[in-house]
Amino acid sequence: MRLWRIIAAVAVPATIFILRGVSPALLFVLPAAPLPLVVEAKGDFETMASEMNRRGMKAHAPAAIVGKSGVKHEFAFAVMPDPGRAKIVVDTELSVKEVDEMKVLKFYVKVFDVDPEKAVLCVSPKLGARAATLAKEYGITVLEDDVPKRLIPLAEKVVNEFVGSGAN
Amino acid sequence: MKEGKKKIFPVHYAPGKKLFHVVVTLSDAPGSYSSILDLVRTKVNLIGTSTYTRSDGTAVFSGFSEALSEDLTGEELEKLIMSSKAAIAARVYEGKDGLLVDTFHTGFVVGDEEYILMRRDGLVHVFERVSKMLGSGGDALLFEEGVAMGLRNAEMMTKTVGAERVRSQTGVLNRFLAAQGWGILEAKEGPGKGGFIVRVDDCFECSSGGSSRKGCNFMRGYLVGGAKATFGIDYDSKETKCVLKGGDACEFQLRPS
């Protein structure tokens, strides 16, 4: 019975990956986050960017942005009205347990260098207490949900409200 | 004569050898140092020595040495040194089991500034960890810290030797970094007006590691900070060559922003 569970645990996500054209080998390189969900989230950010671009927003997913330091950073999603200047950046941190403060710090130092008007961190399932305090201190907007896929519409709403509001 | 790394002796390990650290306060007068050397060389083989003057008109001789005879004691050596008129005070520290540590000095002073000594590999490992933990943000952080240190060090140098001398003798002052083991810097003008190309041979930042880092962001920041403090303008920078990427040296371009 246990063996069947193990086979099912590996085979089902692997099948999904193969059907999506993603190497099943990736199953073994990112143990912290359920990979089908990472791929799902990434795919949805790309869709979100496409839709926003149709409305003339200049969205990118993923977005590579060169910071003040000259270092190139990658975000899951960003809106850049001018080349190299981010209005809003979005990143994801998906984990099987609470996301710790190191992930917030990792996001913050990228944000500090890129200096966008707004920074959004999508987290699943949620931030730990210290991480939440840190995010608040750094002025990071945090979106949390147990289901990673549900973070996409939440992020889309925040981005639309911010970009649509013409906030400076 | 080939340039090279200076050997200093905060510690020395020579299994099976009887080791002494000889420290002598002597009068800061011509011939004092040689008179001490003439005495000690009959009893010990000096491995590494240093001398420096102090503000009270005395000088200090410090030497790590190996005893020429197994019977030699630290007390005998002290007595011998104190027989010289040049010696004001002497202290001989004996090593144990072939291990000798400098227990007399408590740090380093260059000019009026205190310095610490650390292993290159140790510092590079810290950079490696920052980059590993914080990803590209860690690289940006290292750059920012480099800028901050470059600014501060250049300001210190300006205070010591004057702004004009710092601007006109950048090449000479770059050798100060080389003497400290940062790397051998050579700057030339270009590519645009007011810009610089700085080549760094033996750059400390990429002397080891490199599994997480993609370049020498601290050094790049240091050059930007130093140039800003020296010339009073902001610079954009990029590393065009790096040992971590297979280059024979590191090369940085700085252009006025």
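A: A residue is counted as buried if 20 or more other C-beta atoms lie within 10 Å of its own. In this predicted model, 31% of the 257 residues of chain B count as buried. The secondary structure of chain B comprises six helices and twelve strands. The radius of gyration of chain B is 23 Å, well over the 18 Å that the globule rule gives for 257 residues, so chain B is more spread out than a compact globule. Along its principal axes, the C-alpha trace of chain B spans about 65 × 40 × 30 Å. Contacts within chain B may also be sorted by separation in sequence: among those between residues at least 6 apart, 61% join residues at least 24 apart.

The account now turns to the place where the two chains meet. The contact draws 14 residues from chain B and 13 residues from chain A. On the side of chain B that touches chain A, helix 3 (120-161) and strand 11 (235-241) of chain B each supply at least two residues. Helix 3 of chain B gives the most to that side, with eleven residues.

Terms used: Residues numbered from 1 in each chain as written. Chains lettered and ligands numbered in written order. Predicted model: local features only at pLDDT ≥ 70, side-chain atom pairs only at ≥ 80, totals over all residues. Contact = placed C-beta atoms within 7 Å. Helix = DSSP H or I, 4+ residues; strand = E, 2+ residues; numbered from the N terminus. Rg over C-alpha atoms; globule rule 2.2 N^0.38 Å. Buried ≥ 20, exposed ≤ 12 C-beta atoms within 10 Å, placed from the backbone.
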